[in-house]
Amino acid sequence: MSSDTRIAASTWIESSRPKYWSFIFSFLLLPFSLFAQAPDIKHVIVIGVDGMSPDGIQKANTPTLDSILKVAAYSFKCQAVLPTSSSPNWASMIMGAGPDKHGVTSNSWQPHKQTIELECEGTKRNGKPSGMWPTIFGELRRQKPESNIACFNDWLAFNRLFEKGVVNRQRDANLLQAASHHGYKGITKKAVNYFKKKKPDFMFVHLDNVDHAGHHDGHGTQAYYDAVGVADQMIAKIVKAVQESGVAEKTVILITADHGGIGHGHGGDTPEEVNVPWILTGPSVVNGELQVPVETYDTAATLAYLLGIKAPDCWQGKAIVQAVAQ
Ligand SMILES: [Zn+2]
Ligand SMILES: [Zn+2]
């Protein structure tokens, strides 16, 4: 039951019955309020910026993120998992568990190839075992088969991290652009066009330019901050597309990263590598810095909550319900 329905129902009672009926009626509705579902959200977008640290957001020229932070629920201490490599962290984010569970312990991981025995397994589009821990992509397809799901990834290896065939549209970065580390341009354009055309229920956009600057020029350098500024411009394009599609009041956007970095890389356990931004914005999202611990593997459970599906029992993460008004 939506809060609108509750308000409408109690208003109707107020005008047509004595006051005590209103009290009784509100009391009867109380259990529904206690177990409130996520608000009426129809579209969820994740923008994952590879290697974007909280320091990057705070020091770079990021007008879009700055304005989002004024209304967002956010943490600058969301914890990545160890090792702070890309695959283990993207996997944990979309699989709702850590590497000791899903087995994606390095960038050389492939489906069906992990050493760790899976306690639970996702399913491919055809219903066959996926050879990997269940992800938010596969669970949304399984629980809401009519959903429109899309993934646009700048890093070509990203899409092996979710169940085969479960998305309606998946596009890698253009190879030439990716080779010159400009894949973010085409990826953003494809995501913007697809969102405007299809208004997907769930869309994941992965941008790689910031991580490249971290490796090439070093974290904390002007070139790194410039790259964060470019990512901010890509985020602006996606936000604009949502607004122009007329569904902003039903769309939630999560902006996060797989890891930060130190010097010319990442993989270790320093706060610079482990702390990542986790920024949720949209209708019903409360404003302010989250006062609860946020782990990157809480992301999948939070997305499930926002999308109105059940998190699998084997997911370790919790939905960050504190980010959303109940
Ligand atoms: Zn990465
Ligand atoms: Zn990297």
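Before I get to any strands, one term: two strands count as paired here if DSSP finds at least two bridges between them. With that in hand, look at strand β3, residues 149-153, and strand β5, residues 202-207: they run parallel and are joined by 5 bridges. If you want one spot to look at, Ala150 stands opposite Met203 in β5.

Now, how far can we trust this? What you're looking at is a predicted model, not an experimental one. The protein chain has an average pLDDT of 90, and 88% of the residues score at least 70. The part to be careful with is residues 1-36, where pLDDT stays under 50. For that stretch the model has 13 contacts beyond four places in sequence.

Okay, back to the sheet. In what order do the 8 strands sit? Reading across, you get β4-β3-β5-β1-β6-β7-β2-β8, in an open sheet with mixed pairing. At the edges are β4, 169-172, and β8, and each has a single partner strand, so one side of each is left without a neighbour in the sheet. As a reminder, strands of a sheet pair through backbone hydrogen bonds, either parallel or antiparallel.

With strand β8, residues 288-289, β2 pairs in the parallel sense over 2 bridges.

Helix α11 lies across β1 (43-49), β5 and β6 (251-256), and runs at about 170° to β1.

Two other helices pack against α11. Take α10 first, residues 209-216: the axes of α10 and α11 come within 8 Å and cross at roughly 175°. Angles over 145 degrees count as roughly antiparallel, and α10 and α11 are therefore roughly antiparallel to each other. On the α10 side you've got Asn209, Val210, Ala213 and Gly214, and they meet a set of α11 residues including Ala223, Tyr224 and Ala227. By class, the residues in the contact of α10 with α11 are 8 nonpolar, 2 polar and no charged.

Then there's α9, residues 183-198. Helix α9 packs with α11 at an angle of about 10°, with the axes 9 Å apart. That makes α9 roughly parallel to α11. From α9 the residues are Tyr184, Thr188, Ala191, Val192, Phe195 and Lys196, and they meet Met234, Lys237, Ile238, Ala241, Val242 and Glu244 of α11. The residues of the α9 contact with α11 split into 8 nonpolar, 1 polar and 3 charged.

There's another helix pair I want to show. Helix α7, residues 136-143, and helix α13, residues 298-307, have axes 10 Å apart and pack at about 25°. Those two are therefore roughly parallel to each other, and α7 passes α13 in a right-handed crossing. Who makes that contact between α7 and α13? From α7 it's Ile136, Glu139 and Leu140, and from α13 it's Ala300, Leu303, Ala304 and Leu307. Counted by class, that contact of α7 with α13 has 6 nonpolar, no polar and 1 charged residues.

Last, two backbone details in the loops. Leu82 and Pro83 are joined by a cis peptide bond, with omega about -5°. You'll find Pro83 in the loop between β2 and α5 (86-95). The other one is His112, in the loop between α6 (99-102) and α7. His112 has a phi near 70°, which is a positive value in a residue other than glycine.

That's my tour, and I'm happy to take questions.

Definitions and conventions: Residues are numbered from 1 along each chain as its sequence is written. Chains are lettered from A and ligands numbered from 1 in the order in which they are written. This is a predicted model: local features need pLDDT of at least 70, side-chain atom pairs count only at pLDDT 80 or more; totals for chains, interfaces and linings use all residues. pLDDT is the predictor's confidence in each residue, from 0 to 100. Two residues are in contact if their C-beta atoms, placed from the backbone, lie within 7 Å. Axes are lines fitted to C-alpha atoms, for helices over the stretch in contact, and angles run from 0 to 180 degrees between N-to-C directions. Helices (H or I, at least four residues) and strands (E, at least two) are DSSP runs, numbered from the N terminus. Angles under 35 degrees count as roughly parallel, over 145 as roughly antiparallel, 65 to 115 as roughly perpendicular and the rest as oblique. Ala, Val, Leu, Ile, Met, Phe, Trp, Tyr, Cys and Pro count as nonpolar, Asp, Glu, Lys and Arg as charged, and the others, Gly among them, as polar. A crossing is left-handed if the near helix is turned anticlockwise from the far one by less than a right angle, and right-handed if clockwise.
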